[in-house]
Each structure stands twice: as C-alpha cells, then as structure tokens.
Amino acid sequence: MRLHLLAEDPGLLIIADKGYVSRELDHYLTERGVRLIRPSYRNRKPHPGEPLLKSIRQLIESVNDTLTGQLNLEQHGGRTIEGVGIRIAQRLLALTAAIWHHRATGQPATRSLTAYDH
C-alpha cells in the first residue's frame, strides 16, 4: 500500500478483500482519516455499505480478467516499473480505441480485440 498517498488525500476510501484484516492497520488508517471497507468475517457484524462490495468485486475481477487475458499483461516484457506502466498504458489505449471503433461501426462485440490479434 502506498502510504504517502494518505497525506495527499484526506478522507480516502480504500476497498479491500478479507486479506486486509489487522487491528494495527485499522488503527493506523483511522488515525489518518482513511476508511477501509472490506467484507466481514462470518462471526462479525457487517460493515455499512458491505452489500455493495460484491458488485465492486465483480467489476474489479472483470477488469483484471481483461488485463491479464485479452491484453496479455502477464507477459508484458517491461524491465522496469516505468516500462511496465508504459506497456499497460499502451494496451489500455489500444483497447479503448478498439471499443470506440466497434461502437462507431456498430460491431456486436465492443470489448473484443480478437480481430486485431495477429
């Protein structure tokens, strides 16, 4: 987690999974005015807004699936953090251009890059 971001954005809301359960983390974030929303364990009282997490998680999983599957980000070829960032940006730009093109030309599958995979 990039903790320097906490100083730049008071009132920050972080959405996480159950792996981020720690009293120390909860205390640290609360002291800095950061809200952490994560699913509750079965033996704990649900947090307000927890029912919204399922749809958010589905969205995140869909984006991750697109990034790793269609955009082949597991074999990005970047050698530095900056190189990885550039390659991710290139692929997102290509997907965005393809979506725009498919919508503009009335194609049935707007999020597919299959036609461009050579």
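Tutor: Thirteen residues line the largest pocket, and Ile15, Ala16, Asp17, Arg57 and Ile60 are the ones nearest its centre. A pocket here is an open set of points on a 1 Å grid over the protein atoms alone, where a 1.4 Å probe fits and protein lies on both sides within 12 Å along at least five of seven lines; lining residues have an atom within 4 Å of a point. Two elements give two or more residues to this lining, β1 (13-15) and α3 (53-70). Of these, α3 gives the most, with six residues. By class, the lining holds nine nonpolar residues, four charged and no polar (Ala, Val, Leu, Ile, Met, Phe, Trp, Tyr, Cys and Pro count as nonpolar, Asp, Glu, Lys and Arg as charged, the others, Gly among them, as polar). The volume of the largest pocket is about 320 Å³, taken as the space filled by probe spheres set on the points, which are joined across faces, edges and corners.

The model is predicted: local features need pLDDT of at least 70 and side-chain atom pairs pLDDT 80 or more, while totals for chains, interfaces and linings use all residues. Residues are numbered from 1 along each chain as its sequence is written, and side-chain values use heavy atoms, with hydrogens and water left out.

As for the chain as a whole, it has four helices and two strands (DSSP runs, H or I of at least four residues and E of at least two, numbered from the N terminus). Their order along the sequence is α-β-α-β-α-α.

One joins arginine 38 to aspartate 26, at 3.0 Å from N to O. Arginine 38 is in the loop between β2 (35-37) and α3, and aspartate 26 is in helix α2 (residues 23-31), so this pair ties together parts 12 residues apart in sequence. Arginine 38 counts as buried because its relative accessibility is 7%, and aspartate 26, at 26%, counts as partly exposed (buried is under 20% relative accessible area, exposed over 50%, partly exposed in between, with a 1.4 Å probe and protein chains only).

The other salt bridge is between arginine 32 and glutamate 31, at 3.2 Å from N to O. Arginine 32 is partly exposed at 35% relative accessibility, whereas glutamate 31 is exposed at 54%. Arginine 32 also lies over the face of tyrosine 28, 3.5 Å from the ring centre (CZ of Arg or NZ of Lys within 6 Å of the ring centre and within 35 degrees of the ring normal).

Note on methods
Salt bridge = Lys/Arg side-chain N within 4 Å of Asp/Glu carboxyl O.
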